[in-house]
Structure formats: structure tokens, C-alpha cells
Amino acid sequence: MAIFSDAVEELKDLDIAYSRNTQEIYDSESIELLGETLIQRPGEKVNAPADVKLPHHVRRVPGTSEDDFYQAIERPLRTSDRLVGINHLLSEIGYKCGYSNGYFVLDQKTGMVTATQVESDDRRTIQLIKDIRDALQMCLDDLYYAQSVFADLYNLAPVGDYETVYDFGDITYNEDEDRMRWWQFVTNGKVPFWMYLVKFEGYSEKDAKEIEAAGKEANKPDEGLFGEE
């Protein structure tokens, strides 16, 4: 079932709220009303000629009795009020879809957070991801079992047991923190440098070992005249 199946009505409300907000912004342009006397050419005392071109935000008001009639109409925006309603709907939709409260917010700036903070603040979201992964794994297990049975029945592959391996990765994985931790392992002599190069720099094991060996050779202390330091 779709992840948003419990929030269909709220999604409709969000569509209406967002559409009305954008329509209000589109219609928010100020309008200026001018009487005929203000549109007359210099020296003319008759109604303004029809061929006078006005800016798109100016409207002529024919038949005005007041001299020099002018009125500006401003339409104040209620964007901030509408954003409150939109964010409320987003929060409700996110919660009904399995995410943590406030996971979806419009026009919000957030700072960088660590993996520990993410795990603490977004526990509900992490649980949702885990549930989806578990359901996917169950589905794939059933698929592999069915394929194995068909392969045995029709001699498509040698009969025998099989083993499935899943590697979804850490939900709260942070590469910068992991890189820093591994570099501490290297500097403390816990792991060889070539493992760091393979894991984080994309080198093959062979090239990484050659780089490590070259580095050790370059940093080898000089020997004295008689083979002593």
C-alpha cells in the first residue's frame, strides 16, 4: 500500500492551501486608479483620448467628477499566516506517513546535525525506514525462494542451498565522522593506511598498498656513514 494512503485528504487540503497562497501572490500587485483629468495631454480640456497608453498597473476611471482623482489600491499579503497553515498540514501529513513531527517544513533553515542528533530527534523516521527495509527483505526472500524452487524443478541450476546477503547500510551514517574515526585508527596504529585509502579514497587494494609502501620508504630515516643513524 502507498506510504501516503492514510494522508490522502490532508494532501488534498495541502494542494488547496498552496494553490491559494500562490494565487494570492499572483494577484497581490498594487493597482492605481486615475481620473480622466490626470490622463489629459497638456493644454487639453476634454476627456482623455483613448489612445493614451498607461502602465499595466494603472487603470483609468472615466466619468469621475472629482478633479485630479487618484487612488492606490494595495493588497496586503497574508503569506506568513498561510505558511503556518501549510506547515501544519505538512507536519500532519508527515506524521501520518510515518515520519517524525516537523520532518517536512516549508521555508525553514536548519543547521547541520550529527548522526546522534538525527537518531534522537528522528527516531520515528528511522523506524519507518527500518520497517520498509524489513518488508523489502521479506519480499526478496520469498522471491529468491520461489526462484530456487523453479530452478530445482526444471533443472535450471544445480540443486543446493543458497545464502542471501543484504547490506542496506547504516541509516544514521555520517561519512565525515566515519572518515575522522578511521583516520584516528590509522594514526594510532590500529589499522594500516592502505585500508583507509580503499575505504574512503577509492583506491584498489593493490594501488593502496603500493602507496603505503612508497610512503614508508620516503619517510624512512637516513642512515649514517657506517650504516648507523
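I started with the aromatics: ring pairs link Trp182, Trp183, Phe185, Phe193, Tyr196 and Phe200 into a cluster. My pairing rule takes rings of Phe, Tyr and Trp (its six-membered ring) with centres within 6.5 Å; planes under 30 degrees apart are stacked, over 60 edge-to-face, the rest tilted. This is a predicted model, where local features need pLDDT of at least 70, side-chain atom pairs count only at pLDDT 80 or more, and totals for chains, interfaces and linings use all residues. Numbering runs from 1 along each chain as its sequence is written, and side-chain values use heavy atoms, leaving out hydrogens and water.

Searching the whole structure, I got eight aromatic pairs. One of them, Trp182 with Phe200, is edge-to-face at 6.2 Å centre to centre and 70° between the planes. Trp182 lies in helix H5 (residues 175–187) and Phe200 in helix H6 (residues 193–201), so the pair ties together parts 18 residues apart in sequence. Helices here are DSSP runs of H or I, at least four residues, numbered from the N terminus. Both Trp182 and Phe200 are buried (under 20% relative accessible area, 1.4 Å probe, protein chains only; exposed is over 50%, partly exposed in between).

Next I checked charges over rings (NZ of Lys or CZ of Arg within 6 Å of the ring centre and within 35 degrees of the ring normal). The charged end of Lys199 sits over the Phe200 ring, 5.5 Å from its centre. Lys209 lies over the face of Trp194, 4.7 Å from the ring centre.

Last, I looked at Glu10, which is in helix H1 and buried, with a relative accessible area of 11%. Glu10 touches Leu89, Glu92, Ile93 and Lys96, not counting residues up to four places away in sequence; contact means heavy atoms within 4.5 Å.

Notes: Helix = DSSP H or I, 4+ residues; strand = E, 2+ residues; numbered from the N terminus.
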